[in-house]
Amino acid sequence: MKPDIEVVSIEACREKFKSFLTDRCLRVTGQRMAIFDAAFGNDSTDHYTAEELLDRARAIDESVSRATVYRTLPIMTDSGLLREIDIGKNLKYYTANPDQETQQAQVVCLDCDRIFEISAPFMAWYRTTVSSKLGLTPVSHRLQVHAQCDRFRESGQCPHQN
């Protein structure tokens, strides 16, 4: 039997973001909230670049500037509400992170650059165990697997491409 998992509402995340801004003496602006809404407005498994987030935010509030998006992304990642994912191609992706307790690993399709998130509950244990053996305290961790699509190799088409 699976344990009950608390589903975190977008409204709770919105309030956490507002509190995070206030605690750091940063203003809660319409542009920042439009960026938040753009980040949390799609499928929770969705990954997007800063430029894609800018387009989404401008669809909500056309006054959102590129500079504000790029200044807000580190704030949102520091709050834990957004995760930054680097797939090693000089381009960072982001995804909403409403349930900050969930341990995720990424599998990146090398054929289409699609990022898959999989549950990896062992990661918390692993990071603590490895770090403590070295006398260190873990700050962050990530597990990322780069893979090739078998169907792409056979047919020339990746079934994961949008």
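Mentor: Start with strand β3, residues 104-109, which is joined to β4 by five bridges, the two running antiparallel. Strands here are DSSP E runs of at least two residues, helices are H or I runs of at least four, and both are numbered from the N terminus. Two strands pair if DSSP finds at least two bridges between them.

Trainee: What is the bridge partner of valine 107 in β4?
Mentor: Phenylalanine 116.

Trainee: And what do I need to know about the model itself?
Mentor: This is a predicted model, where local features need pLDDT of at least 70 and side-chain atom pairs count only at pLDDT 80 or more, while totals for chains, interfaces and linings use all residues. Residues are numbered from 1 along each chain as its sequence is written, and side-chain values use heavy atoms, with hydrogens and water left out.

Trainee: Back to the sheet. What is the strand order?
Mentor: The order is β4-β3-β5, in an open sheet of three strands with mixed pairing. β4 (115-119) and β5 (144-147) are the edges, each having a single partner strand, so one side of each has no neighbour in the sheet. On average, neighbouring strands are turned by 25 degrees against each other, direction ignored. The axes are lines fitted to C-alpha atoms, for helices over the stretch in contact, and angles run from 0 to 180 degrees between N-to-C directions.

Trainee: Helices next. At what angle do the axes of α1 and α2 cross?
Mentor: Roughly 145 degrees, with the axes of α1 (residues 10-23) and α2 (residues 30-40) coming within 11 Å.

Trainee: Which residues meet there?
Mentor: From α1, Ile10, Cys13, Arg14, Phe17, Lys18 and Leu21; from α2, Arg32, Met33, Phe36, Asp37 and Phe40. Contact means heavy atoms within 4.5 Å. The contact residues comprise seven nonpolar, no polar and four charged. Ala, Val, Leu, Ile, Met, Phe, Trp, Tyr, Cys and Pro count as nonpolar, Asp, Glu, Lys and Arg as charged, and the others, Gly among them, as polar.

Trainee: How about α3 and α4?
Mentor: The axes of α3 (residues 50-60) and α4 (residues 66-79) cross at roughly 120 degrees and come within 10 Å. α3 contributes Ala50, Glu51, Leu53, Leu54 and Arg58, and α4 contributes Arg66, Val69, Tyr70 and Leu73.

Trainee: Last topic. How many disulfides?
Mentor: Zero in the whole structure, taking a disulfide as a pair of cysteine sulfur atoms within 2.5 Å.

Trainee: Is cysteine 109 buried or exposed?
Mentor: Buried, because its relative accessibility is 5%. Buried means under 20% relative accessible area, exposed over 50%, and partly exposed in between (1.4 Å probe, protein chains only). Cysteine 149 also counts as buried, at 8%.
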